[in-house]
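Subject: Structure for you to look at

Hello,

Here is the structure I promised to pass on. Please open it first, then read my notes below.

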Amino acid sequence: MRILVGLINGMIAGATPILLAALGGAFTFYAGIFNIAMEGMMLAGAFGAVVGSYFFHSWAMGILLAIVFALVLALIFILFAVVLHTDEFVTGIALNLFAVGATTYLMRQTFKVKGVFSNPDIVPMPRIHIPFLEKIPLLGEVLSGQNLMVYVAVIAVFITAFLIFRTRFGLRLRAAGYNAACLDSSGVATARMRTASLLLCAVLCGLAGAFISLGYVTLFAENMSAGRGWISLAAIILVSGNPTGIAVISLVFGFSDGLGLLLQDYRVPSQFTSMVPYIATLIALYFYSVKERKRRA
């Protein structure tokens, strides 16, 4: 029973940053932007969260700065990809590399350390305990006592689905991706919708980054996003941006992450266990490609 609870909690913790980033990427997906800069936004958000939490002694300020740092990258992306019409793929790659270099440099200059910055003054995000659920065996251990950002991610699924499929904003957002010329002719600028989608994506990626550095662990390490932005992109592609499908796929990837952590208890080398989420991603993309080939045939 203890192993099962640990595996489920590990799955939830592993799925949360992927889910948040992928929900942000869903906005850009429907707006017609191939946003691979989510990795850099998450990393910038993780660094901003530690900076805010450490200097202001507040996890709330950490979350705020995480969003601000991610928004800075989004504004750069908007300048090049939306305003100057540069290639989105090249811009995204450049931003990811920039985020790695900038956060590494800023960490070394700000905290005078290399590799990892960990300090007792970093205030982690709180865990939320739900009184009437805590007493229920198994269910209480899973649904209560989770990190604040876990519940935020669940709420974000419903909000994202509502915004995309039940509002005028969502209709225009999808039009920007499906038929930009038609949207422009209606008097709504496609560039404006794509800008809005990138800003929303940055907010959610910032929250994902904040969870990584203030929820999943309480520290900042160089390149600690560790490919989660790419996994989020894979989740979006697999379900064509559907928020509910993204939640399910994120749990699958989170399960593989939790499984990797569980295997470490059985003395499986960490080099192999850290590969599990990425192996799961490759397998999922393989089956997706097979399905797509059959559909086109």
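Start with one side chain. The backbone oxygen of Val 100 sits 3.2 Å from a polar atom in the side chain of Thr 103. Please keep in mind that this is a predicted model.

Which other backbone oxygen does the side chain of Thr 103 reach? That of Ala 99, at 2.6 Å. Thr 103 itself has its place in helix H4, which runs over residues 88-111.

Is Thr 103 buried or exposed? Its relative accessibility is 5%. Buried means under 20%, so Thr 103 counts as buried. Which residues does Thr 103 touch, once neighbours within four places in sequence are set aside? The contacts are Leu 43, Ala 44, Phe 47 and Phe 220.

Thr 190 lies in helix H10, residues 190-216. Its relative accessible area is 5%, and the limit for buried is 20%, so Thr 190 is buried. Leave out the neighbours within four places in sequence, and Thr 190 is in contact with Ala 176, Ala 180, Leu 183 and Asp 184.

Pick Thr 190 and Tyr 30, which are 160 residues apart in sequence. Their C-alpha atoms are 12 Å apart in space.

Next, the whole chain. How many helices and strands does the protein chain have? There are 14 helices and four strands. The radius of gyration is 19 Å, and the globule rule gives 19 Å for 297 residues. The two are close, so the protein chain is as compact as a globular protein of that length. Along its principal axes, the C-alpha trace spans about 60 × 50 × 40 Å.

How much of the chain is buried? Buried residues are 49% of the 297. The protein chain exposes about 14,300 Å². Carbon and sulfur atoms supply 70% of that area.

Contacts are worth a look too. Take those between residues at least 6 apart in sequence. Of these, 74% join residues at least 24 apart.

Last, the charges. The protein chain carries 19 positive side chains and 11 negative ones. The centres of the two sets lie 7 Å apart.

That is what I found. Have the structure open while you check each point.

Best wishes

How values were computed: Residues are numbered from 1 along each chain as its sequence is written. This is a predicted model: local features need pLDDT of at least 70, side-chain atom pairs count only at pLDDT 80 or more; totals for chains, interfaces and linings use all residues. Side-chain values use heavy atoms; hydrogens and water are left out. Helices (H or I, at least four residues) and strands (E, at least two) are DSSP runs, numbered from the N terminus. The radius of gyration is taken over C-alpha atoms; the globule rule is 2.2 Å times the number of residues to the power 0.38. Buried means under 20% relative accessible area, exposed over 50%, partly exposed in between (1.4 Å probe, protein chains only). Contact means heavy atoms within 4.5 Å. Accessible areas come from the Shrake-Rupley method with a 1.4 Å probe; for residues, only the protein chains shown count as cover. Lys and Arg count as positive and Asp and Glu as negative; His and the chain ends are not counted. The place of a charge is taken as NZ of Lys, CZ of Arg, CG of Asp or CD of Glu. A polar contact is a pair of N or O atoms within 3.5 Å; within protein, one must be able to donate a hydrogen and the other to accept it, and residues adjacent in sequence count only if both atoms are side-chain atoms.
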